[in-house]
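User: I would like to learn how to read the packing of helices in a model. Could you take me through it step by step?

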Amino acid sequence: MSKRLKILSMQESIVYPAFTTSSLEEMLNLTPEKIELRAAREGWGRATLQEFDENGEIFETEVWDAMSMTQSTRAWIAMEHYQIEEDEAPLICEVEDEVSRLMTLFPGANEKVLTAALFRARQFECIGDAVASLRIPVDLAFNVIGTVFGTPDSVFEEISRRLDGDREFSFLTSNDDTRLLMLIQYYSERSGEFLPELGNPQTYSAEEGALQ
């Protein structure tokens, strides 16, 4: 399964969080004039980066310093980035394709548990990306990603609280594979609506198990 694109991936040569006017135009659906007005109002910092093209020639790129933007603007950028991705390729479709592949490898697995665990795992990847890329607080990242997918913040909060153990944010900062295994265990032990935000929710029984 292809990873969700990271917020800063469109400018891989830029390590520090910064965006060109054109990338902000695309994500925020704003004209250059409105971007300039917002930048002036919030006091965005501006920088000129020197980069090399494929022929070794130096060219300059002007960018806006994301860390000089307000927290709400950074959250807006994160939300619009992932909303564009969701509109182009719904996450649940990617998850269902991956689950179909996994079911051929593990025919005794519980498809419903795997679907829920994978879907939540990918959402937490997005949350982690928003926190790491744009330095927004975890609770705000919950809200941003929840808005994109129609998931209540309380869902992310409950999962984090249960799986953090004695260390706050240990679940969120785990590697992708560990987080997925923890979610498979989490959903295999519970009953109820796993993904109610997708509409027409089914009720799953924990007695069905997960990986057999």
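User: In which hand, left-handed or right-handed, does helix 1 pass helix 3?

Analyst: This is a predicted model, in which local features need pLDDT of at least 70, side-chain atom pairs count only at pLDDT 80 or more, and totals for chains, interfaces and linings use all residues. Residues are numbered from 1 along each chain as its sequence is written, and side-chain values use heavy atoms, with hydrogens and water left out. A crossing is left-handed if the near helix is turned anticlockwise from the far one by less than a right angle, and right-handed if clockwise; here helix 1 passes helix 3 in a left-handed crossing.

User: At roughly what angle do the axes of helix 1 and helix 3 cross?

Analyst: Two packed helices are described by the angle between their axes and the distance between the axes. The axes of helix 1 (residues 21–28) and helix 3 (residues 71–88) cross at roughly 65 degrees and come within 8 Å, which makes helix 1 roughly perpendicular to helix 3 (65 to 115 degrees). Axes are lines fitted to C-alpha atoms, for helices over the stretch in contact, with angles from 0 to 180 degrees between N-to-C directions; helices are DSSP runs (H or I, at least four residues), numbered from the N terminus.

User: Which residues of helix 5 meet helix 6?

Analyst: With contact meaning heavy atoms within 4.5 Å, Phe119, Gln123, Phe124, Cys126, Ile127, Ala130 and Val131 in helix 5 meet helix 6 through Val138, Ala141, Phe142, Ile145 and Phe149. The crossing of helix 5 and helix 6 is right-handed, and their axes come within 9 Å.

Conventions: Helix = DSSP H or I, 4+ residues; strand = E, 2+ residues; numbered from the N terminus. Parallel < 35°, antiparallel > 145°, perpendicular 65-115°, else oblique.
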